[in-house]
Amino acid sequence: MQNIRKGLRGESVVLMGKNTMMKRSVRIHAEKTGNEGFLSLIPLLVGNVGLIFTKGDLKEIKEEVAKYKVGAPARVGLVAPVDVIVPPGSTGLDPSQTSFFQINRGTVEIVTPVELIKKGDKVGSSEAALLSKLGIRPFSYGLVVVSVYDNGSVFSPEVLDLTEDDLVEKFYSGASMVTTLSLAISYPTIAAASHMFVNGYKNVLGVAVETEYTYSQAEQVKEYLKDPSKFAVGTAGVAETRATFQGIVESKEEDNKKDDEPESDEEEALFNLFDD
């Protein structure tokens with residue numbers, strides 16, 4: 001607690017006290033200031049909790065609080081907050097500890113990771129004794145941010161972990177749902193407007209194709225439906241285009257070679273001189 005107070009000093013204050021007294025203080029403050037938003041804190045003052053008042057960045061405060069943890073042993077009857085896994089390696093215990101280990105070539109050694117306690121299970125006497133002998137303190141004590149209050153609103157601290165990319169992804173997901181719903185019930189919205197225009201044009205084009213009615217944009221579609229071969233690019237045309245392009249490239253290369261060749265014996269001798 002002292003380390004947390006020291007780490008937050010200058011921009012935050014940690015207050016701990018009796019829940020009844022904190023609730024009374026909150027009510028009195030709400031009455032004096034007329035700000036009833038503080039009353040939303042009262043249902044949260046249950047159990048072993050405290051308050052952190054700050055004007056700083058909430059995410060930074062949460063990260064600062066999470067830095068300070070104190071190792072705690074596994075006590076009998078305690079509900080495990082995390083999975084407890086004993087890592088492989090030498091235990092440093094003498095071979096007389098046969099009630100917990102099997103002896104291999106006169107030494108006590110764990111060769112594979114052992115899942116000793118699962119999250120949510122109660123710690124038994126044998127597990128607590130084993131972890132104590134190995135000197136393992138699997139649990140930790142520290143402050144955990146359980147709720148965040150800001151301008152009359154209370155929300156989960158997980159909100160502080162959201163990044164701009166997460167917000168953009170959620171916005172896209174919401175816009176997609178609005179678009180889908182708008183198209184399904186034919187209710188125009190900004191998100192669905194472009195899709196509605198396209199769908200409407202498809203309907204108009206379908207009517208023009210099936211009837212004698214036509215317009216300039218539908219002429220090409222009708223021509224394609226009458227004779228698709230007009231719009232097909234044959235292999236002969238492709239081969240001819242490729243041959244023409246290859247001829248241009250070869251002609252260009254020949255011109256470059258001619259430019260590089262000396263025009264006379266004197267010029268060739270001059271080139272050789274520079275090469276020397």
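**A leucine in a loop, and beyond**

Mentor: Leu 143 is partly exposed, because its relative accessible area of 23% falls between buried (under 20%) and exposed (over 50%), with a 1.4 Å probe and protein chains only. Before going on, keep in mind that this is a predicted model, in which local features need pLDDT of at least 70 and side-chain atom pairs count only at pLDDT 80 or more, while totals for chains, interfaces and linings use all residues. Numbering starts from 1 along each chain as its sequence is written, and side-chain values use heavy atoms, leaving out hydrogens and water.

Leu 143 sits in the loop between strand S8 (139-141) and S9; helices (H or I, at least four residues) and strands (E, at least two) are DSSP runs, numbered from the N terminus. From C-alpha to C-alpha, Leu 143 is 8.0 Å from Lys 69, although 74 residues separate them in sequence.

Follow the chain past S9 and you reach Asn 151, in the loop between strand S9 (148-150) and S10. Asn 151 counts as exposed because its relative accessible area is 72%. Ser 186 is another non-glycine with a positive phi, about 60 degrees, and you'll find Ser 186 in the loop between H5 and helix H6 (190-210). At 59% relative accessibility, Ser 186 is exposed too.

Now for charges. Side chains of opposite charge can pair when their charged atoms come close. There are two salt bridges in the structure, meaning a side-chain nitrogen of Lys or Arg within 4 Å of a carboxyl oxygen of Asp or Glu. One joins Lys 62 to Asp 161, 3.0 Å from N to O. That pair ties together distant parts of the chain, 99 residues apart: Lys 62 belongs to helix H3 (residues 58-66), and Asp 161 to the loop between strand S10 (153-155) and helix H5 (164-185). Asp 161 is partly exposed at 42%. In the other bridge, Glu 64 meets Lys 67, with the closest N and O atoms 3.1 Å apart. Here Glu 64 is buried, at 17% relative accessibility, whereas Lys 67 is exposed, at 58%.

Glu 11, Asp 57, Glu 60 and Glu 63 make up a negative patch. For the bookkeeping, Asp and Glu count as negative and Lys and Arg as positive, with His and the chain ends not counted; a charge is placed at NZ of Lys, CZ of Arg, CG of Asp or CD of Glu. Glu 11 is in the loop between helix H1 (2-8) and strand S1 (12-16), and is partly exposed at 40%.

Phe 53 lies in strand S2 (residues 50-54) and is partly exposed, at 43%.

Definitions and conventions:
Patch = residues over 30% accessible without salt bridge, like charges linked within 9 Å, V, L, I, M, F, W, Y side chains within 5 Å. Areas by Shrake-Rupley, 256 points an atom, 1.4 Å probe, with all protein chains shown as cover.
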